[in-house]
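Please look over the sequence and the model shown here before reading on.

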Amino acid sequence: MTENIQSTEFDPEFDATWEEDDFSTGDYERVERAALRRVAGLSTELEDITEVEYRQLRLERVVLVGVWTEGTAADSDASMAELARLAETAGSEVLEGVVQRRDKPDAATYIGSGKVSELRDVVQSTGADTVICDGELSPGQLRQLEEKLKVKVIDRTALILDIFAQHARSKEGKAQVELAQLQYLMPRLRGWGETLSRQAGGRAGGGNGGVGLRGPGETKIETDRRRIRARISKLRREIAAIGVIRETKRGRRTANEIPSIAIAGYTNAGKSSLLNALTGAGVLVEDALFATLDPTTRRALTPEGLPYTLTDTVGFVRHLPHQLVEAFRSTLEEVGQSDLLVHVVDGSDGMPEKQVKAVREVLSEINDKTDTPMPRELLVVNKIDAVGDLGMARLRHLFPDASFVSAHSGLGIEELRVRIAELMPRPEVVVEALVPYARGEVVARVHRDGEILSEKHTESGTLLSARVRPDLANALEEFATNGTPA
């Protein structure tokens, strides 16, 4: 199952050819992720040692389990292959993958008691220490499987949350991931129940409690739940405060009438590569799922020289956990607030139409929660350099109105710039003005922020006909040839 999955390890021989000054922010982050990590507490020497022991972390050995309830066998295989890539991104070594055909997952053990015995044999024969299920397990299913398999069991949601926790870099991203993890953990807490009662007295406590201290008191699991609820409340306040800052920045761009474009799409479709190709942002690019989480906004220019902003958002995936959609709402609102949505699709994927469907489902969920209508969509099929002639014919049939590019080789990027410029909102007010030569800064501003329709140099000054924003039209009012802007 894992033969076709590419390795994402850092190649020191390749990267040694780079000079340190040539590194971008993404290059430094990729080096950091691939570096050896410190393992504390391994040394047996004295406590006042001056050196620290470094060691490559051992990868977890995992077995994947899926339940095929609907769709074709190809859909089931694609879902399991994606789960394998998620597991490898999280730092695991996939040993085996098994799928069971059922009408619906078993309520007690997800795959049924008989298949659990077979799965236990697979785990023992392969020497795996973790089982990953391709679905979200209930607390009861999780407990039953761990008791019967005698190894750690996690589900798809926990796996994705773990990847997000590894890749979050900004304060907002870390807070959002922690909020999603706590929301997932809350119903799955397991404790020792009444045996860890925090308070007991009188006869219940052996007669040493005294008056006012009799009773079962607060158990350990209740304490954990209370602390988690308090932490969730604090994280929500922090995210709301960061959202105000994001809204302020967005408001400045809106006040300046700078069009904003959001880049969205399936994970590993090449969104960050496309942002780098259009703006030279230098953000991290890696052949891994959810390699970048924190949104990046960069300024770009149309072929005519008009400014606009491009924002790279978090990637989507099939069955994206609802906790992540809720936690990343403020980040995903960038999509709804934009003037144009660039939807990136991986053209080299076997079923790109499934990717498009999954992304649009998440966008629809965001629309329902925020009551924000989605902007106009431009579909961009990336990685066409990895697609043959037959594959290109199929892609053009599936997505007749899409733009086809390769962010890696630059193929189709200039045509995409033109397409983006055509779909961006244009200034609404048409003015005709005669600007004296002494006011050259006004002419420069029209060239920078407006769209020149015609320009003629006369004895009295520069005669302009341009399409501009309302604020710029007001600034040109004193130079209007007909007294008022048209």
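What follows describes selected features of this structure, grouped by topic.

This is a predicted model, in which local features need pLDDT of at least 70, side-chain atom pairs count only at pLDDT 80 or more, and totals for chains, interfaces and linings use all residues. Residues are numbered from 1 along each chain as its sequence is written, and side-chain values use heavy atoms, with hydrogens and water left out.

**The annotated site**

- According to an unreviewed UniProt entry, the annotation "binding site" covers Ser 272 and Thr 292; such annotations may be inferred rather than shown by experiment, their feature names are shortened, and their positions are given in the numbering used here.
- These residues are spread over 21 residues of sequence, yet they cluster in space, with a largest C-alpha distance of 7.8 Å.
- Ser 272 belongs to helix H9 (residues 271–279), whereas Thr 292 sits in the loop between H9 and strand S6 (296–301); helices (H or I, at least four residues) and strands (E, at least two) are DSSP runs, numbered from the N terminus.
- Ser 272 counts as buried because its relative accessibility is 9%, while Thr 292, at 22%, counts as partly exposed; buried means under 20% relative accessible area, exposed over 50%, and partly exposed in between, with a 1.4 Å probe and protein chains only.

**An open sheet**

- Three strands form an open sheet in the order S11-S13-S12, with antiparallel pairing; two strands pair if DSSP finds at least two bridges between them.
- Strand S11 (429–435) and strand S12 (451–457) stand at the edges with a single partner strand each, so one side of each is left without a neighbour in the sheet.
- S12 is joined to strand S13 (residues 462–468) by six bridges, and Thr 462 in S13 is the bridge partner of His 457.

**Salt bridges**

- The structure holds 15 salt bridges, each being a side-chain nitrogen of Lys or Arg within 4 Å of a carboxyl oxygen of Asp or Glu.
- One of them pairs Glu 93 with Arg 61 (3.9 Å, N to O); Glu 93 lies in strand S2 (residues 92–101) and Arg 61 in strand S1 (residues 60–68), so the pair ties together parts that are 32 residues apart in sequence.
- Another salt bridge links Asp 346 and Lys 383, whose closest N and O atoms are 3.5 Å apart.
- Asp 346 counts as buried, at 9% relative accessibility, whereas Lys 383 is partly exposed, with a relative accessible area of 22%.
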